Amino acid sequence: MPAVLRAARPGDYPEIIGLLQHAGLPVDDLSAARFGWFVVVADAQGKLLAAGATEPFGSCGLVRSLAVSEPARGAGLGRAVLRNLEKRALDRGISSLYLLTTGQSAFFEEHGYQRVTREAIPEEVRASRQFSAICPASATSLLKRLTLPMVKS
Ligand SMILES: CC(C)(COP(=O)(O)OP(=O)(O)OC[C@H]1O[C@@H](n2cnc3c(N)ncnc32)[C@H](O)[C@@H]1OP(=O)(O)O)[C@@H](O)C(=O)NCCC(=O)NCCS
């Protein structure tokens, strides 16, 4: 059986935290109740290879906690998780995705995210713990406006 990309389940929580810690990403504000924010990629044995989340704020979302296990990097899993998060966000009526990153802005810019100032970010997103307390002020803020595919008439 090939790897599968799926919504996270409650039992995935410890493995997600391990994956994020290994990738050097903050986990302080993640509790088991937050598993619903996540999608994961699991290998044929069920071991998690990648995870990523969208923290919802009404019509905005904060993409966060995107990590691929080191041996699985460079094979397209990061892109697959990001695309899936964007699709799920659109399905939930989210039209703007924000994110903060310290070292991976090139990856996100390649996927359509554009740099914005922190001040351009809605107050409710800025007030989140990820923004206000966990990520350093030097982190780059990025935004992607989500649009539905154009339908030909
Ligand atoms: C960033 C990360 C998620 C990328 O995952 P990945 O599975 O290795 O990336 P992919 O294989 O899907 O890469 C897709 C494309 O992005 C490119 N890419 C990957 N990492 C990149 C980087 N750091 N900078 C620029 N481009 C990058 C790849 O070359 C590929 O392009 P191509 O299709 O033209 O070859 C992964 O490196 C990671 O887990 N890093 C540590 C955690 C982290 O910093 N997360 C982001 C903060 S939330």
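Trainee: How do the residues lining the largest pocket divide into nonpolar, polar and charged?

Mentor: They divide into 17 nonpolar, 11 polar and four charged residues. Bear in mind that this is a predicted model. Gly is counted among the polar residues.

Trainee: How many residues line the largest pocket, and which lie nearest its centre?

Mentor: The lining has 32 residues, and those nearest the centre are Leu25, Leu66, Ala67, Gln104 and Phe108. The volume of this pocket is about 720 Å³.

Trainee: What makes this a pocket and not a cavity?

Mentor: A cavity holds points where a 1.4 Å probe fits but cannot get out, while a pocket is an open set. The space of about 720 Å³ is listed as the largest pocket, so by that definition it is an open set.

Trainee: Which strands and helices each supply at least two residues of its lining?

Mentor: Strand 4 (60-68), helix 2 (77-91), strand 5, helix 3 (105-110) and helix 5 (129-134) do. Strand 4 gives the most, with six residues.

Trainee: Why is strand 4 called largely enclosed?

Mentor: Buried means under 20% relative accessible area. Nine of the nine residues of strand 4 are buried, so the rest of the structure largely encloses the strand. Take Ser65, which sits in strand 4: its relative accessible area is 7%, so Ser65 is buried. Ser65 also has a positive phi of about 55°, although it is not a glycine.

Trainee: What makes strand 4 and strand 5 a pair, and which way do they run?

Mentor: A pair needs at least two bridges. Four bridges join strand 4 to strand 5, and the two run parallel. Val63 stands opposite Leu99 of strand 5. With helix 2, these two strands make a right-handed β-α-β unit.

Trainee: Why is that unit called right-handed?

Mentor: With the strands pointing away from the viewer, a right-handed crossover runs clockwise from the first strand over the helix to the second. The unit of strand 4, helix 2 and strand 5 is assigned that hand, so its path is clockwise in this view.

Trainee: How does the reach of helix 2 compare with what is expected at 1.5 Å a residue?

Mentor: Helix 2 has 15 residues, and its first and last C-alpha atoms are 21 Å apart, close to the expected 21 Å. Its buried residues are Leu77, Gly78, Val81, Leu82, Asn84, Leu85, Glu86 and Ala89. Just after the helix, Gly93 takes a positive phi of about 80°.

Trainee: What is on the strand 3 side of strand 4?

Mentor: Strand 3 (residues 48-57) runs antiparallel to strand 4, joined by seven bridges. The two form a hairpin with two residues between the strands, and Gly58 takes a positive phi near 60° there. In this pairing Pro56 stands opposite Gly61 of strand 4.

Trainee: Which way does each residue of strand 2 point?

Mentor: Phe38, Val40 and Ala42 point one way, Val39 and Val41 the other, and all are buried. In a regular strand the side chains alternate between the two faces of the sheet. Five of the five residues of strand 2 (residues 38-42) are buried, so this strand too is largely enclosed by the rest of the structure.

Trainee: Which strands pair with strand 2?

Mentor: Strand 1 (residues 4-7) pairs with strand 2 in the antiparallel sense over four bridges, with Leu5 opposite Val41. Strand 3 is joined to strand 2 by five bridges, again antiparallel, and Val40 has Ala51 as its bridge partner there. The hairpin of strands 2 and 3 has five residues between them, and Gly46 in the turn has a positive phi of about 90°.

Trainee: How do you know whether Ser141 is buried or exposed?

Mentor: The cut-off for buried is under 20%. Ser141 has a relative accessible area of 4%, so Ser141 is buried. Ser141 lies in strand 7, where five of the six residues (140-145) are buried.

Key
Residues are numbered from 1 along each chain as its sequence is written. This is a predicted model: local features need pLDDT of at least 70, side-chain atom pairs count only at pLDDT 80 or more; totals for chains, interfaces and linings use all residues. Side-chain values use heavy atoms; hydrogens and water are left out. Buried means under 20% relative accessible area, exposed over 50%, partly exposed in between (1.4 Å probe, protein chains only). On a 1 Å grid over the protein atoms alone, a cavity is a set of points where a 1.4 Å probe fits but cannot get out, and a pocket is an open set with protein on both sides within 12 Å along at least five of seven lines; lining residues have an atom within 4 Å of a point. Grid points are joined across faces, edges and corners, and a volume is the space filled by probe spheres set on the points. The expected span of a helix is 1.5 Å times one less than its number of residues.
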